[in-house]
Amino acid sequence: MSEFRLIQQYFHRATSKTDLGIGDDAALIRVSQDHQLAISTDMLVAGTHFFQDAAPYDIGWKALAVNVSDMAAMGTQAKWATLTIALPEVNEAWLAEFSKGFFACAEQFNVDLIGGDTTRGPLTISVQIMGEVPTGQAIKRSGAQVGDDIWVSGELGNAALGLAQLQGKVKISEDELTICLNALHTPIPRSALGLALRGIATSCIDISDGLLADLEHILKASSLGATIDLEKVPCIEYFKNNLSNTAIQELLLAGGDDYELCFTAPKTKRETINTLSKQLDLPISNIGAIRLNTGRMDIDLQVNHQNNKIELLKQGFDHFA
């Protein structure tokens, strides 16, 4: 199969928000009046981000979902994506399932695929995503204020726990494993929450590398410190029953692949956020507070468990650590 037939058969779809999509040297898009264009990109590499034998549907879904999550973190409406994929060989059954997963995510979150590229090489998938946000309303990492609450959506640690089970490091129940593997393979970006947080959140980030590592990005950008309570971090029963175990604490706080939102907001917004949680049918948990940086370190993030400060060697996922 030629490269161009491959693109036509598996990745060419009708678009709804694009003046000109796949088929020319460039796509043409039109940004709405009084809006800014937001752009982000993520790469997934076989053996690093997913197992070589992972279900291609799940890989396709996740490739786009992690990018939609970046848009959600900035209160941006995802609209367009490009896809670049390196394939060791043309496997039509694999491509059919991969594209099915990719476009299932695209349809759910109303994203047009408008271009990209294919080549031969180790299985690598790179997606660039673009979206719109009203001018000046993007939620940045740098807006946290002293006294703000720290909130997280959903449950944390499930993807990391599922991976640990696959690696033989833990043993969890079948019901918990189902929950964890769904979180690992087909994360649900919190797009509706991100859009609703405009005018509410002072800062926001999606949790991809682990709560500690990503919250530290907010603290660094805002030049502030924070304290969080481990007992308040939302998680499944396995974590709650093993919360004093350091290895389990690291899975929960630093395992990564959560794709939930971590955001800060003034205390005056608590009732609004709790109402939003009910409207979206999505747990949103207050886990700590922003404070002044003590000045003794670049990143001043304290985690308390049973009123005692805990120290973790692992802070989050780092490709080059």
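A nonpolar core is a set of buried Ala, Val, Leu, Ile, Met, Phe, Trp, Tyr and Cys residues joined through side-chain atoms within 4.5 Å. The views below show a predicted model.

**View 1. The largest nonpolar core contains 42 residues.** Within this core, L161, L211, L252 and L253 touch the most other members. Helix α7, spanning residues 211-222, supplies the largest share of the core, namely 5 residues. Apart from this core lies another, of 33 residues, which includes W61, M71, I85 and L95. In soluble globular proteins, nonpolar side chains tend to be buried together.

**View 2. The surroundings of L252 are shown in close-up.** When neighbours within four places in sequence are left aside, L252 is in contact with L156, G157, L230, V233, P234, C235, F239 and L243.

**View 3. An open sheet is formed by 4 strands.** The strands follow the order β1-β4-β2-β3, and their pairing is mixed. Strands β1 (35-45) and β3 (112-120) are the edges, each pairing on one side only. From one strand to the next, the twist averages 15°.

**View 4. Strands β1 and β4 run antiparallel.** The two are joined by 11 bridges, with β4 covering residues 124-134. Opposite L37 stands E132 in β4.

Notes. Residues numbered from 1 in each chain as written. Predicted model: local features only at pLDDT ≥ 70, side-chain atom pairs only at ≥ 80, totals over all residues. Heavy atoms only, no water. Pairing = 2+ DSSP bridges. Axes fitted to C-alpha atoms, helices over the stretch in contact; angles between N-to-C directions. Buried < 20%, exposed > 50% of the residue type's maximum accessible area, 1.4 Å probe, protein only. Contact = heavy atoms within 4.5 Å.
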